[in-house]
Amino acid sequence: MEKTTNNNQPMKYILPLLLSVFIFQQSLAQDYVPGLIVVKLKDEDQSRRKESSNALSLELLEKDGKVEKIQYLGKKSSFFKRNEQKSRLDNIYKLEIKEDISELDYINYLNSFENIEYAEQYPNVKPLYVPNDPEAQFGKKQFHLAQINVYDAWNVTKGGEDIVIGIIDTGADLDHEDLVGNLYLNVEDPIDGSDNDNDGFVDNYYGWDFADNDNSPEADGSTHGTGVTGIAAAATDNNTGIAGIGFNTKFMPIKIFQTESNFSRNSYEAIIYAADQGCDVINLSWGSSGRYSQFAQDIINYAALEKDVVIVAAAGNTDDELDFYPASYDNVLSIGFVNPDDTRNSNSTYSDFIDLVAPGSGIYTTENGDAYASDGGSSYAAPMVAGAAAL
Ligand SMILES: [Ca+2]
Ligand SMILES: [Ca+2]
Ligand SMILES: [Ca+2]
Ligand SMILES: [Ca+2]
(Lines give C-alpha, C1' and ligand atoms only; values in the text may rest on other atoms or scores of the structure.)
(Ligands and ions follow the chains in the order given, each with its own letter.)
Protein backbone atom coordinates (compact mmCIF):
# COMPACT_ATOMS: atom_id res chain seq x y z
CA MET A 1 0.00 0.00 0.00
CA GLU A 2 1.55 3.21 -1.23
CA LYS A 3 0.74 6.30 0.72
CA THR A 4 0.00 9.26 -1.49
CA THR A 5 -0.49 12.80 -0.36
CA ASN A 6 -1.45 15.78 -2.39
CA ASN A 7 -0.68 18.97 -0.57
CA ASN A 8 -2.44 21.05 -3.20
CA GLN A 9 -5.82 19.51 -2.51
CA PRO A 10 -8.20 22.22 -1.34
CA MET A 11 -9.47 22.03 2.25
CA LYS A 12 -13.09 21.92 1.14
CA TYR A 13 -12.47 18.43 -0.22
CA ILE A 14 -10.37 17.23 2.66
CA LEU A 15 -12.76 18.21 5.40
CA PRO A 16 -15.74 16.11 4.27
CA LEU A 17 -13.34 13.24 3.65
CA LEU A 18 -11.88 13.52 7.14
CA LEU A 19 -15.37 13.67 8.61
CA SER A 20 -16.53 10.59 6.77
CA VAL A 21 -13.40 8.69 7.78
CA PHE A 22 -13.92 9.81 11.37
CA ILE A 23 -17.54 8.68 11.38
CA PHE A 24 -16.60 5.38 9.76
CA GLN A 25 -13.92 4.76 12.35
CA GLN A 26 -16.31 5.67 15.12
CA SER A 27 -18.77 3.04 13.95
CA LEU A 28 -15.99 0.53 13.50
CA ALA A 29 -14.71 1.26 16.96
CA GLN A 30 -17.97 0.09 18.43
CA ASP A 31 -17.53 -3.44 17.13
CA TYR A 32 -13.76 -3.84 16.88
CA VAL A 33 -10.67 -2.70 18.72
CA PRO A 34 -8.87 -0.30 16.38
CA GLY A 35 -5.38 -1.30 15.27
CA LEU A 36 -5.64 -4.95 16.25
CA ILE A 37 -5.88 -7.96 13.96
CA VAL A 38 -5.93 -11.62 14.87
CA VAL A 39 -4.49 -14.17 12.49
CA LYS A 40 -4.57 -17.93 12.53
CA LEU A 41 -2.22 -19.89 10.32
CA LYS A 42 -3.14 -23.26 8.94
CA ASP A 43 -1.68 -26.17 10.81
CA GLU A 44 0.74 -27.57 8.31
CA ASP A 45 4.24 -28.81 8.05
CA GLN A 46 6.60 -25.92 8.77
CA SER A 47 9.26 -26.96 6.31
CA ARG A 48 6.79 -27.30 3.49
CA ARG A 49 5.45 -23.82 4.23
CA LYS A 50 8.82 -22.23 3.81
CA GLU A 51 9.07 -23.67 0.35
CA SER A 52 5.72 -22.30 -0.71
CA SER A 53 6.00 -19.00 -2.48
CA ASN A 54 2.70 -17.73 -1.08
CA ALA A 55 3.02 -18.52 2.62
CA LEU A 56 2.91 -16.05 5.46
CA SER A 57 5.68 -16.30 8.01
CA LEU A 58 6.72 -14.37 11.08
CA GLU A 59 9.73 -13.13 9.20
CA LEU A 60 7.50 -11.70 6.51
CA LEU A 61 5.30 -9.94 9.07
CA GLU A 62 8.32 -8.49 10.83
CA LYS A 63 9.77 -7.24 7.58
CA ASP A 64 6.77 -5.64 5.90
CA GLY A 65 6.85 -2.52 8.07
CA LYS A 66 3.14 -2.44 8.76
CA VAL A 67 3.07 -4.37 12.01
CA GLU A 68 4.10 -2.73 15.26
CA LYS A 69 3.99 -5.80 17.47
CA ILE A 70 3.32 -9.53 17.13
CA GLN A 71 1.96 -11.50 20.04
CA TYR A 72 1.50 -15.27 20.09
CA LEU A 73 -1.63 -16.30 21.96
CA GLY A 74 -0.93 -19.99 22.46
CA LYS A 75 1.32 -21.42 25.12
CA LYS A 76 4.14 -21.98 22.70
CA SER A 77 4.45 -20.93 19.12
CA SER A 78 4.14 -23.73 16.61
CA PHE A 79 7.04 -22.13 14.85
CA PHE A 80 9.18 -23.57 17.59
CA LYS A 81 7.28 -26.53 18.99
CA ARG A 82 8.00 -30.13 18.19
CA ASN A 83 6.22 -33.30 19.30
CA GLU A 84 3.80 -31.45 21.54
CA GLN A 85 0.07 -31.92 21.80
CA LYS A 86 -1.92 -29.76 19.46
CA SER A 87 -4.19 -27.07 20.83
CA ARG A 88 -6.84 -24.85 19.33
CA LEU A 89 -4.67 -21.91 20.28
CA ASP A 90 -1.81 -23.09 18.13
CA ASN A 91 -0.94 -20.71 15.32
CA ILE A 92 -3.03 -17.75 16.57
CA TYR A 93 -1.29 -14.39 16.56
CA LYS A 94 -2.39 -10.93 17.58
CA LEU A 95 -0.98 -8.19 15.40
CA GLU A 96 -0.79 -4.58 16.45
CA ILE A 97 -0.65 -2.71 13.18
CA LYS A 98 0.74 0.77 12.63
CA GLU A 99 -1.62 3.68 13.03
CA ASP A 100 -1.74 4.71 9.38
CA ILE A 101 -2.61 1.20 8.16
CA SER A 102 -6.23 0.34 7.44
CA GLU A 103 -7.33 -2.78 9.28
CA LEU A 104 -9.57 -3.93 6.45
CA ASP A 105 -6.92 -3.43 3.76
CA TYR A 106 -4.36 -5.30 5.81
CA ILE A 107 -6.80 -8.13 6.47
CA ASN A 108 -7.37 -8.46 2.72
CA TYR A 109 -3.63 -8.62 2.24
CA LEU A 110 -3.21 -11.31 4.90
CA ASN A 111 -6.04 -13.36 3.46
CA SER A 112 -4.22 -13.53 0.15
CA PHE A 113 -1.69 -16.00 1.63
CA GLU A 114 -2.31 -19.69 1.14
CA ASN A 115 -1.61 -20.69 4.72
CA ILE A 116 -4.03 -18.28 6.38
CA GLU A 117 -6.91 -19.92 8.21
CA TYR A 118 -8.39 -16.54 9.08
CA ALA A 119 -7.45 -12.92 9.54
CA GLU A 120 -9.98 -10.69 11.25
CA GLN A 121 -10.43 -7.64 13.43
CA TYR A 122 -10.26 -8.00 17.20
CA PRO A 123 -13.80 -8.01 18.57
CA ASN A 124 -14.67 -5.24 20.97
CA VAL A 125 -16.74 -5.99 24.05
CA LYS A 126 -18.88 -3.41 25.73
CA PRO A 127 -18.79 -3.13 29.49
CA LEU A 128 -21.97 -3.70 31.44
CA TYR A 129 -23.61 -0.38 32.05
CA VAL A 130 -23.19 0.52 35.70
CA PRO A 131 -24.78 3.88 36.53
CA ASN A 132 -22.99 6.16 38.97
CA ASP A 133 -25.57 5.92 41.76
CA PRO A 134 -23.57 4.91 44.87
CA GLU A 135 -25.77 2.00 45.95
CA ALA A 136 -26.00 0.59 42.41
CA GLN A 137 -22.29 -0.28 42.34
CA PHE A 138 -21.36 -3.96 42.56
CA GLY A 139 -21.26 -5.15 46.16
CA LYS A 140 -23.36 -2.24 47.41
CA LYS A 141 -26.90 -2.31 48.75
CA GLN A 142 -28.84 -2.80 45.50
CA PHE A 143 -27.79 -6.43 45.08
CA HIS A 144 -31.05 -7.12 43.26
CA LEU A 145 -29.80 -5.20 40.20
CA ALA A 146 -27.18 -7.90 39.55
CA GLN A 147 -29.59 -10.66 40.52
CA ILE A 148 -31.96 -9.70 37.69
CA ASN A 149 -29.10 -8.86 35.25
CA VAL A 150 -30.42 -5.38 34.65
CA TYR A 151 -26.90 -4.08 33.95
CA ASP A 152 -27.05 -6.21 30.78
CA ALA A 153 -30.41 -4.73 29.90
CA TRP A 154 -29.09 -1.17 30.33
CA ASN A 155 -26.41 -1.95 27.74
CA VAL A 156 -29.23 -2.33 25.26
CA THR A 157 -31.69 0.33 26.47
CA LYS A 158 -31.99 2.84 29.27
CA GLY A 159 -35.66 3.45 28.68
CA GLY A 160 -37.27 6.56 27.31
CA GLU A 161 -38.49 9.70 29.03
CA ASP A 162 -41.73 9.28 27.09
CA ILE A 163 -42.46 5.99 28.86
CA VAL A 164 -44.49 6.36 32.05
CA ILE A 165 -45.14 3.89 34.86
CA GLY A 166 -48.26 4.58 36.86
CA ILE A 167 -47.58 3.77 40.51
CA ILE A 168 -50.98 3.27 42.13
CA ASP A 169 -50.13 3.17 45.82
CA THR A 170 -49.81 5.29 48.98
CA GLY A 171 -48.38 8.23 47.04
CA ALA A 172 -44.74 9.20 46.80
CA ASP A 173 -42.28 11.60 48.39
CA LEU A 174 -42.53 13.93 45.41
CA ASP A 175 -39.47 16.03 46.18
CA HIS A 176 -37.28 13.10 47.27
CA GLU A 177 -33.77 13.81 45.99
CA ASP A 178 -33.71 10.54 44.07
CA LEU A 179 -37.28 10.54 42.73
CA VAL A 180 -38.01 14.10 41.66
CA GLY A 181 -35.90 13.77 38.50
CA ASN A 182 -38.15 11.05 37.10
CA LEU A 183 -41.50 12.45 38.23
CA TYR A 184 -43.86 12.77 35.27
CA LEU A 185 -45.44 16.21 35.07
CA ASN A 186 -48.70 16.82 33.26
CA VAL A 187 -47.65 20.10 31.70
CA GLU A 188 -51.09 20.38 30.05
CA ASP A 189 -52.63 21.22 33.41
CA PRO A 190 -50.45 23.57 35.46
CA ILE A 191 -51.61 24.40 38.98
CA ASP A 192 -53.78 27.47 38.44
CA GLY A 193 -57.20 26.42 39.72
CA SER A 194 -58.65 25.37 36.37
CA ASP A 195 -58.80 22.09 34.47
CA ASN A 196 -56.73 23.27 31.52
CA ASP A 197 -56.58 19.89 29.79
CA ASN A 198 -60.28 19.26 30.35
CA ASP A 199 -59.89 15.71 31.65
CA GLY A 200 -62.17 16.19 34.67
CA PHE A 201 -59.30 16.53 37.16
CA VAL A 202 -58.43 20.08 38.17
CA ASP A 203 -54.69 20.78 38.30
CA ASN A 204 -53.61 17.14 38.02
CA TYR A 205 -50.07 18.30 37.36
CA TYR A 206 -48.28 15.75 39.60
CA GLY A 207 -50.83 12.93 39.40
CA TRP A 208 -53.97 12.39 41.47
CA ASP A 209 -55.02 11.38 44.97
CA PHE A 210 -58.06 9.12 44.63
CA ALA A 211 -58.18 8.47 48.36
CA ASP A 212 -58.55 12.06 49.46
CA ASN A 213 -59.80 13.35 46.10
CA ASP A 214 -57.21 16.07 45.68
CA ASN A 215 -54.44 16.87 43.21
CA SER A 216 -51.55 16.00 45.53
CA PRO A 217 -50.38 12.37 45.46
CA GLU A 218 -47.72 13.30 48.02
CA ALA A 219 -47.14 10.42 50.46
CA ASP A 220 -48.78 11.63 53.68
CA GLY A 221 -48.87 8.37 55.61
CA SER A 222 -47.18 5.11 54.69
CA THR A 223 -43.81 5.11 52.94
CA HIS A 224 -44.86 2.03 50.91
CA GLY A 225 -45.49 3.90 47.66
CA THR A 226 -42.19 5.80 47.92
CA GLY A 227 -40.35 2.48 48.25
CA VAL A 228 -42.19 0.91 45.32
CA THR A 229 -41.54 4.00 43.19
CA GLY A 230 -37.80 4.02 43.84
CA ILE A 231 -37.38 0.40 42.76
CA ALA A 232 -39.05 0.99 39.39
CA ALA A 233 -38.23 4.61 38.68
CA ALA A 234 -35.67 6.29 40.94
CA ALA A 235 -33.60 8.91 39.15
CA THR A 236 -30.65 6.98 37.74
CA ASP A 237 -27.08 7.92 36.83
CA ASN A 238 -27.48 11.10 38.91
CA ASN A 239 -24.68 10.34 41.38
CA THR A 240 -27.27 10.01 44.12
CA GLY A 241 -28.73 7.15 46.15
CA ILE A 242 -30.02 4.27 44.09
CA ALA A 243 -30.75 3.28 40.50
CA GLY A 244 -34.30 2.64 39.32
CA ILE A 245 -34.73 -0.31 37.00
CA GLY A 246 -36.64 1.81 34.47
CA PHE A 247 -33.59 4.15 34.29
CA ASN A 248 -34.92 7.13 32.26
CA THR A 249 -38.53 6.02 32.62
CA LYS A 250 -40.91 8.52 34.28
CA PHE A 251 -43.41 7.66 37.01
CA MET A 252 -46.88 9.00 37.67
CA PRO A 253 -47.88 8.80 41.34
CA ILE A 254 -51.53 7.93 41.89
CA LYS A 255 -52.61 7.69 45.50
CA ILE A 256 -55.43 5.36 46.61
CA PHE A 257 -54.80 4.92 50.35
CA GLN A 258 -56.14 7.34 52.90
CA THR A 259 -53.71 8.92 55.29
CA GLU A 260 -55.13 7.75 58.59
CA SER A 261 -57.05 4.54 58.00
CA ASN A 262 -54.90 3.24 55.16
CA PHE A 263 -58.15 2.02 53.57
CA SER A 264 -58.11 2.15 49.82
CA ARG A 265 -60.60 4.24 47.91
CA ASN A 266 -61.41 4.22 44.22
CA SER A 267 -58.52 1.85 43.55
CA TYR A 268 -59.96 0.55 40.29
CA GLU A 269 -60.94 3.99 38.98
CA ALA A 270 -57.28 4.82 39.54
CA ILE A 271 -56.42 2.15 36.98
CA ILE A 272 -58.76 3.81 34.47
CA TYR A 273 -57.12 7.15 35.24
CA ALA A 274 -53.60 5.77 34.72
CA ALA A 275 -54.59 4.19 31.42
CA ASP A 276 -56.37 7.33 30.20
CA GLN A 277 -53.42 9.54 31.18
CA GLY A 278 -51.17 7.49 28.91
CA CYS A 279 -49.27 5.26 31.35
CA ASP A 280 -47.50 2.47 29.49
CA VAL A 281 -47.12 0.30 32.58
CA ILE A 282 -49.13 0.23 35.81
CA ASN A 283 -47.80 -1.18 39.07
CA LEU A 284 -50.21 -2.54 41.68
CA SER A 285 -48.36 -3.57 44.83
CA TRP A 286 -51.49 -4.35 46.81
CA GLY A 287 -54.55 -6.57 46.85
CA SER A 288 -56.55 -9.06 48.82
CA SER A 289 -57.21 -12.76 48.61
CA GLY A 290 -60.12 -14.67 47.23
CA ARG A 291 -62.53 -11.93 46.23
CA TYR A 292 -62.98 -12.06 42.51
CA SER A 293 -64.82 -9.09 41.08
CA GLN A 294 -66.12 -8.91 37.52
CA PHE A 295 -66.08 -5.10 37.84
CA ALA A 296 -62.35 -5.18 38.59
CA GLN A 297 -61.68 -7.61 35.75
CA ASP A 298 -63.55 -5.33 33.34
CA ILE A 299 -61.39 -2.39 34.34
CA ILE A 300 -58.22 -4.46 34.01
CA ASN A 301 -59.36 -5.54 30.55
CA TYR A 302 -60.08 -1.93 29.59
CA ALA A 303 -56.55 -0.85 30.53
CA ALA A 304 -54.75 -3.89 29.13
CA LEU A 305 -56.77 -4.54 25.97
CA GLU A 306 -58.16 -1.14 24.98
CA LYS A 307 -55.30 1.04 26.23
CA ASP A 308 -52.44 -1.41 25.69
CA VAL A 309 -51.10 -1.03 29.23
CA VAL A 310 -48.84 -3.62 30.86
CA ILE A 311 -50.34 -4.27 34.29
CA VAL A 312 -48.06 -5.70 36.97
CA ALA A 313 -49.28 -6.77 40.41
CA ALA A 314 -47.85 -8.26 43.57
CA ALA A 315 -48.83 -11.89 44.13
CA GLY A 316 -49.13 -11.63 47.91
CA ASN A 317 -47.07 -12.15 51.04
CA THR A 318 -48.39 -15.33 52.65
CA ASP A 319 -47.06 -18.85 52.47
CA ASP A 320 -50.28 -20.08 50.86
CA GLU A 321 -51.58 -21.26 47.57
CA LEU A 322 -54.37 -18.84 46.89
CA ASP A 323 -55.80 -16.40 44.39
CA PHE A 324 -54.75 -12.91 45.30
CA TYR A 325 -56.37 -10.02 43.44
CA PRO A 326 -55.68 -8.02 41.33
CA ALA A 327 -52.60 -10.21 40.64
CA SER A 328 -54.72 -13.24 39.72
CA TYR A 329 -56.99 -11.46 37.23
CA ASP A 330 -56.60 -12.18 33.55
CA ASN A 331 -54.30 -9.75 31.70
CA VAL A 332 -52.27 -8.97 34.83
CA LEU A 333 -48.68 -10.10 35.39
CA SER A 334 -48.67 -11.72 38.84
CA ILE A 335 -45.30 -11.39 40.56
CA GLY A 336 -44.05 -13.63 43.35
CA PHE A 337 -40.83 -12.95 45.23
CA VAL A 338 -37.60 -14.82 45.72
CA ASN A 339 -34.59 -14.70 48.02
CA PRO A 340 -31.15 -13.45 46.92
CA ASP A 341 -30.32 -17.05 45.91
CA ASP A 342 -33.40 -17.24 43.61
CA THR A 343 -35.29 -19.69 45.86
CA ARG A 344 -38.94 -18.93 46.62
CA ASN A 345 -39.27 -16.79 49.69
CA SER A 346 -41.35 -18.72 52.20
CA ASN A 347 -43.73 -15.75 52.44
CA SER A 348 -44.42 -15.54 48.74
CA THR A 349 -47.97 -16.49 47.84
CA TYR A 350 -48.17 -19.06 45.07
CA SER A 351 -50.80 -20.19 42.60
CA ASP A 352 -51.22 -21.17 38.97
CA PHE A 353 -51.57 -17.48 38.18
CA ILE A 354 -47.99 -16.54 39.06
CA ASP A 355 -46.34 -15.28 35.88
CA LEU A 356 -42.90 -14.15 37.07
CA VAL A 357 -40.83 -13.88 40.21
CA ALA A 358 -38.38 -11.16 41.21
CA PRO A 359 -36.19 -10.45 44.25
CA GLY A 360 -38.22 -9.30 47.24
CA SER A 361 -36.08 -9.75 50.30
CA GLY A 362 -34.03 -6.93 51.82
CA ILE A 363 -34.58 -4.59 48.89
CA TYR A 364 -32.97 -1.19 49.37
CA THR A 365 -35.01 1.71 48.06
CA THR A 366 -36.27 5.24 48.67
CA GLU A 367 -38.21 6.13 51.80
CA ASN A 368 -40.32 9.13 52.80
CA GLY A 369 -38.42 12.16 54.04
CA ASP A 370 -35.58 12.09 51.49
CA ALA A 371 -34.38 8.83 53.05
CA TYR A 372 -33.60 5.23 52.05
CA ALA A 373 -34.35 1.89 53.70
CA SER A 374 -34.52 -1.84 53.06
CA ASP A 375 -37.78 -3.79 53.09
CA GLY A 376 -39.29 -6.70 51.23
CA GLY A 377 -42.31 -8.61 50.00
CA SER A 378 -44.04 -9.08 46.68
CA SER A 379 -44.78 -5.33 46.82
CA TYR A 380 -41.12 -4.77 46.07
CA ALA A 381 -40.82 -7.55 43.49
CA ALA A 382 -43.65 -6.19 41.30
CA PRO A 383 -41.99 -2.80 40.58
CA MET A 384 -38.87 -4.63 39.39
CA VAL A 385 -40.98 -6.20 36.69
CA ALA A 386 -42.77 -2.90 36.03
CA GLY A 387 -39.40 -1.16 35.60
CA ALA A 388 -38.14 -3.92 33.33
CA ALA A 389 -41.34 -3.80 31.27
CA ALA A 390 -40.80 -0.07 30.78
CA LEU A 391 -37.33 -0.60 29.29
CA1 LIG B 1 -56.82 18.14 34.36
CA1 LIG C 1 -54.74 23.77 35.89
CA1 LIG D 1 -53.38 14.34 48.79
CA1 LIG E 1 -30.11 7.75 41.80
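This is a predicted model: local features need pLDDT of at least 70, side-chain atom pairs count only at pLDDT 80 or more; totals for chains, interfaces and linings use all residues.
A search of the whole structure finds two cavities of 30 Å³ or more. Rolling a probe the size of a water molecule over the atoms shows where empty space is left.

The second largest cavity has a volume of about 30 Å³. Its lining consists of Leu36, Lys69, Gln71, Lys94, Leu95 and Glu96. Sorted by class, these lining residues are two nonpolar, one polar and three charged. Two strands, β2 (67–72) and β3 (92–97), each supply at least two residues of the lining. The most is given by β3, which contributes three residues.

Strands of a sheet pair through backbone hydrogen bonds, either parallel or antiparallel. Here four strands are arranged in the order β2-β3-β1-β4, and the pairing is antiparallel. The edges are formed by β2 and β4 (116–123), each of which pairs on one side only. On average, and with direction ignored, neighbouring strands of this sheet are turned by 25 degrees against each other.

Strands β2 and β3 run antiparallel and are joined by five bridges. Lys69 has Glu96 of β3 as its bridge partner, while Gln71 is partnered in β3 by Lys94. Strand β1 also pairs with β3 in the antiparallel sense, again over five bridges. In that pairing, Leu36 stands opposite Glu96 of β3.

Seven strands form it in the order β6-β7-β5-β8-β10-β12-β13, with parallel pairing. Its edge strands are β6 (208–209) and β13 (354–359), each pairing on one side only. Within this sheet, strand β5 (residues 164–169) and strand β7 (residues 250–255) pair in the parallel sense over six bridges. Ile168 has Ile254 of β7 as its bridge partner.

The loop between β5 and β6 contains Asn198. The phi angle of Asn198 is near 60 degrees, a positive value in a residue other than glycine. The loop between β11 (324–325) and β12 (333–338) holds Pro326. The peptide bond from Tyr325 to Pro326 is cis, and its omega is near 15 degrees.

The last element of this account is a pair of helices. Two packed helices are described by the angle between their axes and the distance between the axes. Helix α8 (residues 267–276) packs against helix α9 (residues 294–306) at an angle of about 10 degrees, and their axes lie 9 Å apart. Because angles under 35 degrees count as roughly parallel, α8 is roughly parallel to α9. On the α8 side, the contact is made by Tyr268, Ile271, Ile272, Ala275 and Asp276. On the α9 side, the contributing residues are Phe295, Ala296, Ile299, Ile300, Tyr302 and Ala303. By class, the residues of this contact comprise 10 nonpolar, no polar and one charged.

Conventions
Residues are numbered from 1 along each chain as its sequence is written. Chains are lettered from A and ligands numbered from 1 in the order in which they are written. Side-chain values use heavy atoms; hydrogens and water are left out. Axes are lines fitted to C-alpha atoms, for helices over the stretch in contact, and angles run from 0 to 180 degrees between N-to-C directions. Angles under 35 degrees count as roughly parallel, over 145 as roughly antiparallel, 65 to 115 as roughly perpendicular and the rest as oblique. Contact means heavy atoms within 4.5 Å. Ala, Val, Leu, Ile, Met, Phe, Trp, Tyr, Cys and Pro count as nonpolar, Asp, Glu, Lys and Arg as charged, and the others, Gly among them, as polar. On a 1 Å grid over the protein atoms alone, a cavity is a set of points where a 1.4 Å probe fits but cannot get out, and a pocket is an open set with protein on both sides within 12 Å along at least five of seven lines; lining residues have an atom within 4 Å of a point. Grid points are joined across faces, edges and corners, and a volume is the space filled by probe spheres set on the points. Two strands pair if DSSP finds at least two bridges between them.
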